[in-house]
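Biologist: I'd like to learn how to read a protein model. Could you walk me through a few features?

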Amino acid sequence: MHEPIPSEPRGRAQTYPQDGPQDVPQTPGSVVEQEMAAAAADDVDRMLDAARGRLGEGEHPPGSNHNEFTDWYGMGDVPWCDIFLAWCADRAGCLKAVGRFAYTPSHAQWFRDHGRWSGVPRKGAIVFYDWGGSRDIAAIDHVGIVEAVRGNGTIVTIEGNTEDMVRRRVRSFGIVGYGHPDYALGGGAPAPAPSGGAVPAWPGRFLRQPPVMSGDDVRTWQRRMHDRGWTLDVDGAYGPESDRVCRDFQGGKGLEVDGVVGPETWRAAWAAPVT
């Protein structure tokens, strides 16, 4: 099993006539001060500062999907619009609130599952697009972060992998909806359920190794397995020890034994009786 390949079609994450003039600067670190809404939480500004600092960053070599963001994520040279947001959130210290995803439909569904999805934009929201014009989460193929909301109904965004670069855009077309990270609390998802509680939403990426994958989703799964009685360090790093526990657990529950925490293995960790 493998994490779904991000579905952003190459060459389509550009501008559209419906969006209107692109009268925004593309200078690294620049701020659209005159467009800013009321001051937001510090985490919002740190997230946006991380994104602004990479304006103009592209792919090396051009057209390869390879850059520091895909290197950091560890999934290979794949479309990286959502990966870029995860990288920014990691630098800003709000990855738990924003989410660590490469597949945009899973990311949007994660927000919806946790009651943090709406059709209303605001500064710091994660905006999801379908260039086909639907309002269907399953059809989403691009994502960005809202930097400002204009009085004319357009939004100013910063997006990765738009014409193969990090760019600032003015948008009004193709918007499916907005995910609203819980910046104030530093966590966009409810706390992990205790033993016997409801199953927390699968985080949207397949946990496996090598290489060692790290994140709050790994820690959540490790904590659950530890609560079930497995000997496992809850350190947020999915390495050989986690792989061993995963395989042993899968074998005992009649699942495919591959050492990969996908939707079925994740669900079983909470749903299956503790034995």
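This is a predicted model: local features need pLDDT of at least 70, side-chain atom pairs count only at pLDDT 80 or more; totals for chains, interfaces and linings use all residues.

Biologist: Why do you give both an angle and a distance?

Modeller: Two packed helices are described by the angle between their axes and by the distance between those axes.

Biologist: Which residues of α7 and α8 meet?

Modeller: From α7 you have Cys246, Phe249 and Gln250, and they meet Thr265, Ala268 and Ala269 of α8. That contact is made up of 4 nonpolar residues, 2 polar ones and no charged ones.

Biologist: Next, pockets. How many residues line the second largest pocket?

Modeller: For a pocket, look at its space and then its lining. The second largest pocket holds about 260 Å³ of space and has 16 lining residues, with Tyr73, Gly74, Arg100, Val212 and Met213 nearest its centre. Both α2 (68–73) and β7 (213–214) supply at least two residues of that lining. By type, the lining has 9 nonpolar, 3 polar and 4 charged residues.

Biologist: And is Pro17 buried or exposed?

Modeller: Check the relative accessible area: over 50% counts as exposed. Pro17 has 77%, so Pro17 is exposed. You'll find Pro17 in the segment before α1 (42–52).

Biologist: What separates the C-alpha atoms of Pro17 and Arg171?

Modeller: Compare chain and space here. Pro17 and Arg171 are 154 residues apart along the chain, and 9.9 Å separates their C-alpha atoms.

Notes
Residues are numbered from 1 along each chain as its sequence is written. Side-chain values use heavy atoms; hydrogens and water are left out. On a 1 Å grid over the protein atoms alone, a cavity is a set of points where a 1.4 Å probe fits but cannot get out, and a pocket is an open set with protein on both sides within 12 Å along at least five of seven lines; lining residues have an atom within 4 Å of a point. Grid points are joined across faces, edges and corners, and a volume is the space filled by probe spheres set on the points. Helices (H or I, at least four residues) and strands (E, at least two) are DSSP runs, numbered from the N terminus. Ala, Val, Leu, Ile, Met, Phe, Trp, Tyr, Cys and Pro count as nonpolar, Asp, Glu, Lys and Arg as charged, and the others, Gly among them, as polar. Buried means under 20% relative accessible area, exposed over 50%, partly exposed in between (1.4 Å probe, protein chains only). Contact means heavy atoms within 4.5 Å.
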